[in-house]
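Have a look at the model below and keep it in view while you read.

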Amino acid sequence: LRMLERQVVGGEQAKNKDLKEKHRRRKKYADERRMQLVAALQQSNEDGSDWVLLNVYDSIQEEVRAKSKLLEKMQKKLRAAETEIKDLQSEFELEKIDYLGTIRRLERDLMLFQQLLDQVQSLVRRDCNYSNLEKIKRESVWDEETGCWKIPEPVIQIIQKP
């Protein structure tokens, strides 16, 4: 009875190490494949796509219908992505136009202030520290906290002649 049992359970190959190694590799491969399929199922459940798994069809017409539905679904996704791209491009274009308008306005303001400064500078007394604009620019410091320039106070320098 035991002899029959050994032949049935493992047969003559029960002690064959190569066969055991082959069975172990097949089991490992099957486990890896099972894990890949589980991951694919989870992925398909997350993104709602059912094209990840291989489907078996009874007829060519059924396969064509299923693939046509899948194609329509992918085309809808493509159209949605293209619409999103167009929306982003138009939004970017509007922002670009707005930025260019702001830059032009700031350039005009800068030119106005520069012209005013050039006109007023000749009216500043020579003994005032504001008569030298380059020196005032060098001594001015940008304050990050207040977001303003800190410029030196106007001072009139009295020069006494001996």
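## A tryptophan in a strand

W149 sits in strand β2, which covers residues 148-150. Strands here are DSSP runs of E with at least two residues, helices are runs of H or I with at least four, and both are numbered from the N terminus. This is a predicted model, where local features need pLDDT of at least 70, side-chain atom pairs count only at pLDDT 80 or more, and totals for chains, interfaces and linings use all residues. Residues are numbered from 1 along each chain as its sequence is written, and side-chain values use heavy atoms, with hydrogens and water left out.

Is W149 buried or exposed? W149 is exposed, because its relative accessible area is 55%. The cut-offs go like this: buried is under 20% relative accessible area, exposed is over 50%, and partly exposed is in between (1.4 Å probe, protein chains only). If you skip the neighbours within four places in sequence, W149 is in contact (heavy atoms within 4.5 Å) with S140, V141 and W142.

## The whole chain

Stepping back, the chain has four helices and two strands. Going along the sequence, the pattern reads α-α-α-α-β-β. Of the 162 residues in the chain, 7% are buried. Take the contacts between residues at least 6 apart in sequence: 28% of them join residues at least 24 apart. The chain exposes about 15500 Å², and carbon and sulfur atoms supply 57% of that. Accessible areas come from the Shrake-Rupley method with a 1.4 Å probe, and for residues only the protein chains shown count as cover.

## A loop residue and a surface patch

Now find S131, in the loop between α3 (60-121) and α4 (133-139). S131 counts as buried because its relative accessibility is 19%. The side chain of S131 reaches the backbone oxygen of C128 at 2.9 Å. Leaving out neighbours within four places in sequence, S131 is in contact with Q121, V124, R125 and R126.

Over in helix α3 you'll find L116. L116 is partly exposed, since its relative accessible area is 44%. Together with L112 and F113, L116 forms a nonpolar patch on the surface, with about 300 Å² of accessible area. Patches take residues with over 30% relative accessible area and no salt bridge; like charges are joined within 9 Å, and nonpolar side chains (Val, Leu, Ile, Met, Phe, Trp, Tyr) within 5 Å.

## Charged pairs

How many salt bridges does a search of the whole structure find? The search finds six. A salt bridge means a side-chain nitrogen of Lys or Arg within 4 Å of a carboxyl oxygen of Asp or Glu. The table lists some of them.

| Pair | N to O distance |
|---|---|
| D31 and K27 | 3.4 Å |
| E63 and K67 | 3.0 Å |
| K137 and E134 | 3.7 Å |

D31 and K27 are four residues apart in helix α2 (residues 17-47), so about one helical turn separates them. D31 is partly exposed at 30% relative accessibility, while K27 is exposed at 54%.

E63 and K67 are also about one helical turn apart, because they are four residues from each other in helix α3. E63 is partly exposed at 28%, and K67 is partly exposed at 46%.

K137 and E134 are three residues apart in helix α4, so they too are separated by about one helical turn. E134 is partly exposed, with a relative accessible area of 47%.

Conventions
Polar contact = N/O pair within 3.5 Å; in protein donor to acceptor, adjacent residues only side chain to side chain.
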